[in-house]
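Open the model in your viewer and keep the sequence panel beside it. The stops below say what to select and what is there.

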Amino acid sequence: MTEASGFRALPAATGTPMAHLRGKTPAVFRQMASDWPAVSTWTFRHIASLAPSLPVQLVKGNREKDHTAFTESTLGEYLDSLTGDCLAEDSLTRESPDGDDRTYLKEFDLLKRFPGLRDDLRHERMFPRGSVTSCSTWIGPARSRTGLHHDLLDNLAVQITGRKRFYLARPGTVERAAADPATSDDFFAVDLEPGDVLYVPARWWHEVVNLSAGILLSGFFGSTMRVTSLWARVRLRDTLHRAGLLSPGNCTCHADRLPTAYGT
């Protein structure tokens, strides 16, 4: 899922994300968050200035495909390295992602580290009333990517700065691909600009690549009952896996195990 050819363009949706939740299909809302202060103020330089010496752990390479590898840096040093980073869109097809060792600040709890930044967002109004939510930021350079995977909860992804491309496939498509290649109706691609919001339903396969250095805010959400049930299931599975009782040697979370998919 790394080529734009063969993918249908995801058309812009109207209305609000809440109107699309029952359909369980991706929807992009152009410029829905364009009036958020974060879209104009969350520059790399500004965020770096909040705590330049703060230690951060960066993911190196494609952890969804290869061994999970980490490297250490500071918030200031890493964000300074992203300043001015850009990429021509057509060069994405000229370079293979395999062996890419770019570093990526993934699932960074920016709002917990800097609670004052919540004032720059308007995301709470997008979630269903009573939802349990979890918001994290994804900060990385051009060509950094999140490998093919699916999530257990619905997600409202908001592009804050930079540009990002999502490749999406219906649930079950990847599982059937080897025996019965899917038609183009099963695959979608969409490019996000600052201020765009993308609804990614739970269990939809997706792969994401930065067209330029940028910041994306992911907002996972679900009912209290669903989130509690999933949390208990994932904790149990993780405990059994790390004890070697479930899918031993079939993961990307341990450097001494085979680099095949484990989890979601």
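**Start at a loop, then tour the sheet and its contacts**

Select Q31: at 38% relative accessibility, this residue is partly exposed. Here buried means under 20% relative accessible area, exposed means over 50%, and partly exposed lies in between (1.4 Å probe, protein chains only). Q31 sits in the loop between β2 and α1 (37-41). Helices (H or I, at least four residues) and strands (E, at least two) are DSSP runs, numbered from the N terminus. Check the backbone of Q31: phi is near 60°, a positive value in a residue other than glycine.

Before moving on, two notes on the model. It is predicted, and local features need pLDDT of at least 70, side-chain atom pairs count only at pLDDT 80 or more, and totals for chains, interfaces and linings use all residues. Residues are numbered from 1 along each chain as its sequence is written, and side-chain values use heavy atoms, with hydrogens and water left out.

Now select K24. Its phi is near 55°, a positive value in a residue other than glycine. K24 lies in the loop between β1 (8-9) and β2 (27-29). K24 is partly exposed, with a relative accessible area of 42%.

**The open sheet**

Show the strands next. An open sheet of 5 strands runs in the order β1-β10-β9-β12-β7, with mixed pairing. Two strands pair if DSSP finds at least two bridges between them. Look at the edges: β1 and β7 each have a single partner strand, so one side of each is left without a neighbour in the sheet. Strands of a sheet pair through backbone hydrogen bonds, either parallel or antiparallel.

Zoom in on β7 and β12. These two pair in the antiparallel sense over 3 bridges. Select T146 and look across: V208 in β12 stands opposite.

**Salt bridges**

How many salt bridges does the structure hold? There are 7. A salt bridge is a side-chain nitrogen of Lys or Arg within 4 Å of a carboxyl oxygen of Asp or Glu. Side chains of opposite charge can pair when their charged atoms come close.

Stay on β7 and β12 and select R145 with E207. Their side chains meet in a salt bridge at 3.3 Å, N to O. R145 lies in strand β7 (residues 145-149) and E207 in strand β12 (residues 205-210), so the pair ties together parts that are 62 residues apart in sequence. Both R145 and E207 are buried.

Go to E193 and R163. This salt bridge has its closest N and O atoms 2.9 Å apart. E193 is in the loop between β10 (187-192) and β11 (197-200), and R163 in the loop between β8 and β9 (164-169), so the pair ties together parts that are 30 residues apart in sequence. E193 is partly exposed at 32% relative accessible area. R163 is partly exposed too, at 22%.

Then pick D186 and R170. Their salt bridge has its closest N and O atoms 3.5 Å apart. The pair links distant parts of the chain, 16 residues apart: D186 is in the loop between α5 (173-176) and β10, R170 in the loop between β9 and α5.

**Aromatic pairs**

Colour the aromatic rings. The whole structure has 5 aromatic pairs. Rings of Phe, Tyr and Trp (its six-membered ring) pair if their centres lie within 6.5 Å; planes under 30 degrees apart count as stacked, over 60 as edge-to-face and the rest as tilted.

Select F7 and F187. The pair is edge-to-face, 5.5 Å centre to centre, with 70° between the planes. F7 is in the segment before β1 and F187 in strand β10, 180 residues apart. Both are buried.

**Last stop: a buried leucine**

Select L156 in strand β8 (residues 154-161). L156 is buried, at 1% relative accessibility. Show its contacts (heavy atoms within 4.5 Å). Not counting residues up to four places away in sequence, L156 touches several residues, including P17, M126, F127, L198 and F221. The C-alpha atoms of L156 and L198 are separated by 5.7 Å, though the two residues are 42 apart along the chain.
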